[in-house]
Amino acid sequence: MQVIQKTAEFEIEGQNAAAIGKFDGIHLGHQKLLRCILEQKCFGRKAVVFTFDPPPAALFGSGQYRELMTREEKRAAFEGMGVDV
């Protein structure tokens, strides 16, 4: 799985299906969304996930936030599911 971080300047070649979210804990709604983008792989599209690090609450919230999954756990989960980028 390709990881892009610490930049707003990047290009993902070819067609892709993307999901955007915090993806903390990967609940049932997240799983359904991820299945939708992963199904697009059979049409030659890359499955792409955009997530936040740090989470928006760290920047725009009260300063207190709790993560259910670490960055490494999220990446391992996405890779295990078959996410490409």
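This is a short tour of the structure, stop by stop.

**Before selecting anything.** The model is predicted, so to speak of a local feature requires pLDDT of at least 70 and side-chain atom pairs count only at pLDDT 80 or more, while totals for chains, interfaces and linings use all residues. Residues are numbered from 1 along each chain as its sequence is written, and side-chain values use heavy atoms, with hydrogens and water left out.

**Whole chain.** Show the C-alpha atoms: they fill a box of roughly 45 × 30 × 20 Å along the principal axes. Colour by secondary structure to find three helices and two strands, in the sequence order β-α-β-α-α. Helices (H or I, at least four residues) and strands (E, at least two) are DSSP runs, numbered from the N terminus. Of the 85 residues, 24% are buried; buried means under 20% relative accessible area, exposed over 50%, and partly exposed in between, with a 1.4 Å probe and protein chains only.

**The strands.** Select residues 16-20, strand β1: A17 and A19 are on its covered face, and N16, A18 and I20 on the uncovered one. Strands pair if DSSP finds at least two bridges between them. The bridge partner of N16 is K46 in β2.

**The largest pocket.** Select V3, I4, Q5, T51 and R75, which lie nearest the centre of the largest pocket among its 27 lining residues. A pocket is an open set of points on a 1 Å grid over the protein atoms alone, where a 1.4 Å probe fits, with protein on both sides within 12 Å along at least five of seven lines; lining residues have an atom within 4 Å of a point. The space in this pocket is about 660 Å³, a volume being the space filled by probe spheres set on grid points joined across faces, edges and corners. Next select residues 71-81, helix α3; α3 and β2 each supply at least two lining residues, and α3 gives the most, with four.

**The cysteines.** A disulfide is a pair of cysteine sulfur atoms within 2.5 Å, and the count is zero. C36 is partly exposed at 39% relative accessible area, whereas C42 is exposed at 63%.
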